[in-house]
Amino acid sequence: MNACARGRAVVSTNDRAQSGDQHAHTDQPVSLGTTIMAACYKDGVVLGADSRTSTGSYVANRVTDKLTKLSDHIYVCRSGSAADTQNLSAYVIWFLEQHSMELGKEPEVLTAAKLLAKLAYENKSALQAGLIVAGWDEHRGGQVYSIPLGGTMVETKFAIGGSGSAYITGLVDATFREGMTEDECRAWVQRSVTHAMSRDASSGGCVRTVAISAHGVRRDFLEGDKLPL
């Protein structure tokens, strides 16, 4: 759908909503109005995200997994259009599998980030995708790459994204510390995502985290009634 067609669809949906059509919002594209983030700690990286997926003001899924595995030691946090980000991830997973077979070893984090950035940039007029790629490799250790809408790629010590990120920009700037342990970094990510969820109507549900280092991958799931408010 081109930009003009998308605009007409949004206007049509808004008109229906104002006229009282109870199904108007559920006809909107499924979107990951969300809070995502990733950060480096001394041995690797931790990624985190909420779990709410919405179509307009309707919550389509309360327990979405927005942390997608690209390879054994590389994950991506997804925000924007669920369809767009799922398909981008599927393409990159396939490319990395071929790349790994050619090399005979695991791909580098930078390779995965560049592939996603290239796809996002070359299709920026058709996609709504905000991504954070993070992982660990033997050459550069833990790495975090932010790929916002449009396909720019920036390496950073930590990155935040999604609609909830506007509510925690000052918080993460003030509280991030280099050299944290895995447990400290995980707790920091969980606390930051929870803070965004308490203020952003498009973020909610539970908090998922993934810690990646040379020792492997550890997933954690924090239920909604156990969030560190």
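The model is a predicted one, so local features need pLDDT of at least 70 and side-chain atom pairs count only at pLDDT 80 or more, while totals for chains, interfaces and linings use all residues. Residues are numbered from 1 along each chain as its sequence is written, and side-chain values use heavy atoms, with hydrogens and water left out.

Searching the whole structure turns up 4 aromatic pairs. Rings of Phe, Tyr and Trp (its six-membered ring) pair if their centres lie within 6.5 Å, with planes under 30 degrees apart called stacked, over 60 edge-to-face and the rest tilted. For Phe158 and Trp188, the ring centres sit 5.8 Å apart with the planes at 80 degrees, so this pair is edge-to-face. Phe158 belongs to strand β11 (residues 158-161) and Trp188 to helix α5 (residues 182-197), so the pair ties together parts that are 30 residues apart in sequence. Helices (H or I, at least four residues) and strands (E, at least two) are DSSP runs numbered from the N terminus. Ring pairs also bring Phe176 in, linking Phe158, Phe176 and Trp188 into a cluster.

Gly179 is partly exposed, at a relative accessible area of 47%. Between Gly179 and Gly44 there are 10.0 Å in space, C-alpha to C-alpha, although the two are 135 residues apart in sequence.

Gly44 leads on to strand β3, which covers residues 44-49. In β3, 6 of the 6 residues are buried, so the rest of the structure largely encloses this strand. With strand β2 (residues 36-41), β3 pairs in the antiparallel sense over 6 bridges, and Met37 stands opposite Gly48. The link from β2 to β3 is a hairpin with 2 residues. Strand β12 (residues 207-213) is joined to β3 by 6 bridges, again antiparallel, and here Leu47 faces Val210 as its opposite number.

Strand β7 (residues 74-81) runs antiparallel to β8, and 7 bridges join them; Cys77 has Ile132 of β8 as its bridge partner. Strand β9 (residues 141-147) is likewise antiparallel to β8 and joined to it by 7 bridges, with Val133 partnered by Tyr145 of β9. A hairpin of 3 residues takes the chain from β8 to β9.

Back in β7 sits Arg78, which counts as buried at 3% relative accessibility. A polar atom of the Arg78 side chain lies 3.1 Å from the backbone oxygen of Asp65. As for Leu88, 10 residues away along the chain, its C-alpha atom is separated from that of Arg78 by 9.8 Å.

Lys66 sits in the loop between β5 and β6 (67-71), and is buried with a relative accessible area of 0%. Its side chain makes a polar contact of 2.9 Å with the side chain of Asp50; such a contact is a pair of N or O atoms within 3.5 Å, where, within protein, one must be able to donate a hydrogen and the other to accept it, and residues adjacent in sequence count only if both atoms are side-chain atoms. A polar atom of the Lys66 side chain also lies 2.7 Å from the backbone oxygen of Arg52. Strand β5 (residues 58-61) itself pairs antiparallel with β4 (residues 53-55) over 3 bridges, and Thr53 has Asn61 as its partner. The hairpin of these two strands has 2 residues between them, and in it Gly56 adopts a positive phi near 70 degrees.

Finally, the cavity search over the whole structure finds 1 cavity of 30 Å³ or more. The largest cavity has a volume of about 40 Å³, a volume being the space filled by probe spheres set on the grid points, which are joined across faces, edges and corners. A cavity is a set of points on a 1 Å grid over the protein atoms alone where a 1.4 Å probe fits but cannot get out, and lining residues have an atom within 4 Å of a point. Ala120, Lys124, Leu127, Gln128, Ala129, Leu149 and Gly150 line the largest cavity.

Terms used
1 Å grid on protein atoms, 1.4 Å probe; cavity = no way out; pocket = protein on both sides within 12 Å on 5 of 7 lines; lining within 4 Å. Pairing = 2+ DSSP bridges. Buried < 20%, exposed > 50% of the residue type's maximum accessible area, 1.4 Å probe, protein only.
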